[in-house]
Amino acid sequence: MLSHSVLRTGLFLCKQDYGGIKCLTSVFLTRTTSALIGGDKQKTMDDLDGPSFLTSLYWLFGKGYFQTTHQMQIEHSKIYGPLWKSKYGPLVVVNVANADLIEQVLRQEGRHPIRTDMPHWRGYRKLRNHAYGPLTEMGVEWQRIRSILNPRMLKPKHVSSYTNAINGVVSDFIEKVAKLRTTKGNEVMVYDVAGELYKFAFEGICSVLFETRMGCLNDVVPEETQKFIFSVGEMFRLSPIVILFPKSLWPYLPFWKHFVAVWDHLFKVADELVQKKMTEIQEMVKHGQPVEGEYLTHLLISEQMSFTEVLGSITELLLAGVDTTSNTISWALYHLAREPEIQQKLYEEVISVCPGEKVPCSEDITRMPLLKAIIRETLRYSIFCISQLYCVINIFKGIVHPKIKSCLKFTRSSS
């Protein structure tokens, strides 16, 4: 989808009027791309070649690249080289398709990276007075939120506490896949694996974030859960369409009300789940019981964030986790299918650590180096979804600073 193309891996400028950035960008391009572009002359935004807005629309819808935008990026890198400029309505995107340049951008990131504005997501939060989360907040406040959210999400000693919840989801998923193969695949085929992995990821993320099961892997998915899943999909589907139009036109767009409605439903369900957990905590305290729980419980009892902030962050973490998990597994399976020898070696490693019916724990994963290597190589090689959005230029009173502010999108090609 276009959202995965425009937002996947970079920072874009949200206005056509980039004024002073012309000369600022030239400093970055000259220092880092002289071998790629050639010459010593400073380059500006105007020097970058690339498709116009109409040409981009033609590639997306005329040539049919809307669902395979990563292939479009590969083709554009062949036409325009390692750096090119694309236009999507009011957005101007500078694409980067060279490993050395990408490394240069990542190494210039500061403590408080300036992320893309995401005006349509932020606009909804302003409309409904919701707090920004890790995907929409910026600067010092972004750092504060991340410092609260990260420890329980990233540190191994805390992540290991989610083992039982995740193993429960994995076991249910394996049973469902086996049942689908038996009942609908003639004992051979499982159709729509990507769709099943999406539901698996949704269930897994909810079991960690909300500490509850949603029923995504049931034979019959609960109606409210199905609507929740649908709302996430619709939000991602409408996001790249809304952002093509100026903010002043959003209230008059026929799909703006639907965009707001699906966001409303996402926050409604998240609010109900957080409120339910708060009630459980209050009951424990009321009866003098120790408060036990995992991610959401910790956020609520630590009182480092207000209820509104917890709600905003939990909702965005859900959105960030579903696509990343399901797409990573999908691509890993794809690559393993193309490399049967590696697939066999991975199988042998796993059964050597967890023979028979043994269910793996976090300690077992540390004894599977090939598994880790395959996941890392999959993440390096394949394209998944939205990732970090980086800014490498600072503009302050028209002065060029060492950290240059640019508008960059990273593109991975087959090379």
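Strand β1 (residues 83–88) is largely enclosed by the rest of the structure, because five of its six residues are buried, buried meaning under 20% relative accessible area with a 1.4 Å probe and protein chains only. Strands here are DSSP runs of E with at least two residues, and helices are runs of H or I with at least four, numbered from the N terminus. The model is predicted: local features need pLDDT of at least 70, side-chain atom pairs count only at pLDDT 80 or more, and totals for chains, interfaces and linings use all residues. Residues are numbered from 1 along each chain as its sequence is written, and side-chain values use heavy atoms, without hydrogens and water.

The partner of β1 is strand β2 (residues 91–96), and the two pair in the antiparallel sense over six bridges; two strands pair if DSSP finds at least two bridges between them. Tyr88 has Leu91 in β2 as its bridge partner. Two residues lie between the strands of this hairpin, where Gly89 takes a positive phi near 60 degrees.

In soluble globular proteins, nonpolar side chains tend to be buried together. A nonpolar core is a set of buried Ala, Val, Leu, Ile, Met, Phe, Trp, Tyr and Cys residues joined through side-chain atoms within 4.5 Å. The largest such core in this model has 51 residues, of which Trp121, Phe202, Phe210, Met235, Trp263, Tyr295 and Leu318 touch the most other members. Helices α6, α7, α10, α11, α12, α13 and α14 each supply at least two residues of this core. The largest share, 12 residues, comes from α12. Apart from this core lies another, of nine residues, among them Tyr88 and Leu91.

Contact means heavy atoms within 4.5 Å. Leaving aside neighbours within four places in sequence, Tyr295 is in contact with residues including Leu149, Tyr162, Val208 and Ile314. Ser231 lies in helix α11 (residues 223–242) and counts as buried because its relative accessibility is 3%.

Finally, the axes of helix α14 (residues 307–338) and helix α17 (residues 369–381) come within 9 Å and cross at roughly 105 degrees. Axes are lines fitted to C-alpha atoms, for helices over the stretch in contact, with angles from 0 to 180 degrees between N-to-C directions. The two helices are therefore roughly perpendicular, a term for angles of 65 to 115 degrees.

Technical notes
Buried < 20%, exposed > 50% of the residue type's maximum accessible area, 1.4 Å probe, protein only. Parallel < 35°, antiparallel > 145°, perpendicular 65-115°, else oblique.
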